[in-house]
Amino acid sequence: MRNPVIDVAGLRCRYGDFEAVRGIDLQVHEGELFALLGTNGAGKTTVLETLEGLRAPSAGRVRVLGVDPSRDRAAIRARTGVMLQDSGFPAELTVAEMARLWRRGDHADALERLDLAHRRDVRIKQLSGGERRRLDLLLAVLGEPELLFLDEPTTGLDPESRQRTWDVVRDLLAGGTTVLLTTHYLEEAESLAHRLAIMHEGVVAESGALVDVLAAHPARISFDLPDRLDVSALPMLSGDVVHVPSGRVDIRTRQLQDDLDVLLSWARRDGLALGRLRAHHASLEDVFHAARAGRGVIAA
Ligand SMILES: Nc1ncnc2c1ncn2[C@@H]1O[C@H](COP(=O)(O)OP(=O)(O)OP(=O)(O)O)[C@@H](O)[C@H]1O
């Protein structure tokens, strides 16, 4: 098997007395999109900055494209694209000028792809927040990097712009680019990621292939408990039943189809309507809440 594009073992990062990253392992393989998720302050930006060579780890081993980023940042920069949360480009330049300054050439296709062609002669200071984000992405991918760091790439974008960004990322993946993504939008990770890690308070609380991580968590059935019924009236189910004060029943089960079948048969037999009935396999949001609550499962 080939060496991972990113290989991190036992990484620790300190800010003075405070240890923000407390011993994490990560491997990102060629051509995959790895989502680094986590609660606020979990340490994602610190990890990202370490991988980009912007800060040295206080302990552990970090290799990016086979190189130690804190020792040889220049070697990595030439082969990576970085889309930061706040890029701070010169406000007076136009979009086309900025792109040419970043990398020589016309870039008409890339501008078109990111829906910026019609804004090519507009100054950066006049762009909307969403257009700024698309310009950030444009500049990050102009050099056709082997490895792309995307730090919350769709924050502030409307749903259509977000979809467009996802399409660009999918095209890059199809072309063999490796992507490390951080995002607070779990549906973004669920839509794009092959593998992921969820950080909480400086450690990895959950990690693995997206499909394995989702499969390791119970499915859910929820509905409004019909009027005048008590939860004790529910039929015998394999899952755990939680009854919230608002009258909603929430069932966590590893036998989704069987439990749903039992519930629907019971409701039909007794002529009951299960209001706002929902049944679904675990979503990344369920996994995220479990990780935060310390119920994570390291799947791989
Ligand atoms: N320069 C700094 N000095 C001291 N503490 C810092 C510094 N930068 C970050 N921290 C702390 O380190 C921890 C991790 O911060 P980091 O920005 O890496 O988290 P994050 O996962 O990116 O958070 P968010 O999702 O909120 O952006 C936080 O508790 C933060 O307050």
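1. Burial first: of the 300 residues in the chain, 34% count as buried. Keep in mind that this is a predicted model.

2. On to the ligand. The residues around the ligand are Tyr15, Phe18, Ala20, Gly38, Asn40, Gly41, Ala42, Gly43, Lys44, Thr45 and Thr46. By class, that shell splits into 4 nonpolar, 6 polar and 1 charged. Two elements, strand E2 (18-28) and helix H1 (44-51), each give at least two residues to the shell. The largest share, 3 residues, is from H1.

3. How much of H1 is buried? The helix is mostly covered, with 6 of its 8 residues buried. Those buried residues are Lys44, Thr46, Val47, Leu48, Thr50 and Leu51. Lys44 and Thr46 are also listed among the residues around the ligand. Just after H1 there is a backbone detail to check: Gly53 takes a positive phi of about 85°.

4. Now the helix pairs, starting with H3 (residues 95-102) and H5 (residues 129-141). Their axes come within 10 Å and cross at roughly 25°. An angle under 35 degrees counts as roughly parallel, so H3 is roughly parallel to H5. The crossing of H3 past H5 is right-handed. On the H3 side the contact uses Val95, Met98, Ala99 and Trp102, and on the H5 side Leu135, Leu138 and Leu139. Sorted by class, the contact of H3 with H5 has 7 nonpolar residues, no polar and no charged ones.

5. H5 also packs with helix H6 (residues 159-174), at an angle of about 5° and with the axes 11 Å apart. That angle makes H5 roughly parallel to H6. Here Gly130, Arg134, Leu137 and Val141 in H5 meet Ser161, Thr165, Val168 and Leu172 in H6. By class, the contact of H5 with H6 has 4 nonpolar, 3 polar and 1 charged residues. When you inspect H5, look at both sets of contacts: Leu135, Leu138 and Leu139 for H3, and Gly130, Arg134, Leu137 and Val141 for H6.

6. Gly16 sits in the loop between strand E1 (6-15) and E2. Why does Gly16 count as exposed? Because Gly16 has 5 C-beta neighbours inside 10 Å, and 12 or fewer is the cut-off for exposed. Gly16 and Ile198 are 182 residues apart in sequence, and their C-alpha atoms are 24 Å apart in space.

7. The other position is Asp106, in the loop between H3 and helix H4 (108-113). Is Asp106 buried or exposed? With 10 C-beta neighbours inside 10 Å, Asp106 counts as exposed. Asp106 and Val203 are 97 residues apart in sequence and, C-alpha to C-alpha, 44 Å apart in space.

Note on methods: Residues numbered from 1 in each chain as written. Predicted model: local features only at pLDDT ≥ 70, side-chain atom pairs only at ≥ 80, totals over all residues. Axes fitted to C-alpha atoms, helices over the stretch in contact; angles between N-to-C directions. Helix = DSSP H or I, 4+ residues; strand = E, 2+ residues; numbered from the N terminus. Parallel < 35°, antiparallel > 145°, perpendicular 65-115°, else oblique. Left-handed = near helix turned anticlockwise from the far one by under 90°. Contact = placed C-beta atoms within 7 Å. Nonpolar A, V, L, I, M, F, W, Y, C, P; charged D, E, K, R; others polar. Near = placed C-beta within 6 Å. Buried ≥ 20, exposed ≤ 12 C-beta atoms within 10 Å, placed from the backbone.
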